Amino acid sequence: MQDFKFYIDSSKVGTISSIDRLVHLKRIHEEEVTVQSQKFHGEERARLHAQFQRESIEKSGFRLQEVHLQAINDVMTEMSKERYSMEEAKGLYEAFREIVIQAREMKVDYLKELEYACKKILGERVLPRMDLFD
């Protein structure tokens, strides 16, 4: 979780970008530290992840209602869920919509990237895993 916190804090003071080539290969297995930590400290990790998300949103200047923050915390978890309900998808869409509206009002210079990221998360992480018959 320290890496996640560092990434969030760093993003507030500078531009972070990805490297377009693979520089590190990580093998995930049952004995790996992150897997062990998730297994034995899952609830604490989930709480910290949600807390860090909320801090990041606030530090970025966004003021969201609790329902929007909770929607983000419910879907944008450290480990993706197998299935998302229609309610979860709608909640995340509304939270992202509010963030984009506020970003426009604040005239942020990264609006296009933000819009793209929101669409990508919904389109690649949530919609393919929706339980359409819940």
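How many nonpolar, polar and charged residues does the lining of the second largest pocket have? I started my notebook with that one, keeping in mind that this is a predicted model.

**Entry 1: the pocket.** I sorted the lining of the second largest pocket by class and got six nonpolar residues, four charged ones and no polar ones. The names I wrote down are Y93, F96, R97, V100, I101, R104, E115, C118, K119 and L122. For the space inside, I noted about 200 Å³. I then looked up which helices take part: α4 (86–106) and α5 (111–126) each supply at least two lining residues. Of the elements, α4 gives the most, with six residues.

**Entry 2: the core.** Next I turned to the largest nonpolar core, which has 21 residues. I72, L92, F96, I99 and V126 touch the most other members. I found that α3 (66–75), α4 and α5 each give two or more residues to this core, and that α4 has the largest share, with seven. I was pleased to meet F96 again, as this core residue is also in the pocket lining.

**Entry 3: L92.** Setting aside residues up to four places away in sequence, I listed its contacts as A71, I72, V75, M76, I121, L122 and V126. Among them, I72 and V126 also stand in the group that touches the most other core members.

**Entry 4: L111.** Last, I checked L111, which is found in helix α5. Beyond its neighbours within four places in sequence, L111 contacts V100, A103 and R104. V100 and R104 were already in my notes as pocket-lining residues.

How values were computed: Residues are numbered from 1 along each chain as its sequence is written. This is a predicted model: local features need pLDDT of at least 70, side-chain atom pairs count only at pLDDT 80 or more; totals for chains, interfaces and linings use all residues. Side-chain values use heavy atoms; hydrogens and water are left out. On a 1 Å grid over the protein atoms alone, a cavity is a set of points where a 1.4 Å probe fits but cannot get out, and a pocket is an open set with protein on both sides within 12 Å along at least five of seven lines; lining residues have an atom within 4 Å of a point. Grid points are joined across faces, edges and corners, and a volume is the space filled by probe spheres set on the points. Helices (H or I, at least four residues) and strands (E, at least two) are DSSP runs, numbered from the N terminus. Ala, Val, Leu, Ile, Met, Phe, Trp, Tyr, Cys and Pro count as nonpolar, Asp, Glu, Lys and Arg as charged, and the others, Gly among them, as polar. A nonpolar core is a set of buried Ala, Val, Leu, Ile, Met, Phe, Trp, Tyr and Cys residues joined through side-chain atoms within 4.5 Å. Buried means under 20% relative accessible area, exposed over 50%, partly exposed in between (1.4 Å probe, protein chains only). Contact means heavy atoms within 4.5 Å.
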